[in-house]
Amino acid sequence: MRITTDMIVGTGLVAALLAAIFLGGSTEMQNTIASGLIGYLGRTAIDHGGGGTHG
């Protein structure tokens with residue numbers, strides 16, 4: 001498996017979210033990181049051809 005920039009950024013966002021949750025970060029910070037993670041992974045999925053309708 002090839003390590004890509006998308007994997008590195010996604011892993012960093014997941015790590016930041018887990019750190020914010022377990023180390024007692026504010027709810028606003030957790031929501032912001034989670035929104036960024038969802039948006040980034042959604043864009044990545046669409047860029048790699050996983051976001052369209054097939055039919």
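Four residues separate R43 from D47 in helix 2, and the two are therefore about one helical turn apart. In this predicted model, R43 and D47 form a salt bridge in which the closest N and O atoms are 2.7 Å apart. Side chains of opposite charge can pair when their charged atoms come close. The count of salt bridges in the model comes to one. The two partners were assigned to separate accessibility classes: R43 has a relative accessible area of 41% and is therefore partly exposed, whereas D47, at 53% relative accessibility, counts as exposed because its value is over the 50% cut-off.

The helix that carries this pair belongs to a fold with two helices and zero strands. Helix 1 spans residues 5-22 and helix 2 spans residues 27-47, with a loop between them. The axes of the two helices come within 9 Å and cross at roughly 160°. Helix 1 is therefore roughly antiparallel to helix 2, the angle being over the 145 degrees that this class requires. The handedness of the crossing between helix 1 and helix 2 is left-handed.

Along the chain, Y40 and G10 are 30 residues apart, yet their C-alpha atoms are separated by 7.6 Å. T32 is also placed in helix 2. With a relative accessibility of 53%, T32 counts as exposed. Between T32 and L17, which are 15 residues apart in sequence, the C-alpha to C-alpha distance is 9.1 Å.

The accessible surface of the protein was computed next. The total comes to about 4,200 Å², and carbon and sulfur atoms account for 66% of this area. Of the 55 residues in the protein, 13% are buried. A nonpolar surface patch of about 540 Å² is made by V14, L18, I21, F22 and L23. L23 has a relative accessibility of 73% and so counts as exposed.

Key:
Residues numbered from 1 in each chain as written. Predicted model: local features only at pLDDT ≥ 70, side-chain atom pairs only at ≥ 80, totals over all residues. Heavy atoms only, no water. Buried < 20%, exposed > 50% of the residue type's maximum accessible area, 1.4 Å probe, protein only. Areas by Shrake-Rupley, 256 points an atom, 1.4 Å probe, with all protein chains shown as cover. Patch = residues over 30% accessible without salt bridge, like charges linked within 9 Å, V, L, I, M, F, W, Y side chains within 5 Å. Salt bridge = Lys/Arg side-chain N within 4 Å of Asp/Glu carboxyl O. Axes fitted to C-alpha atoms, helices over the stretch in contact; angles between N-to-C directions. Parallel < 35°, antiparallel > 145°, perpendicular 65-115°, else oblique. Left-handed = near helix turned anticlockwise from the far one by under 90°.
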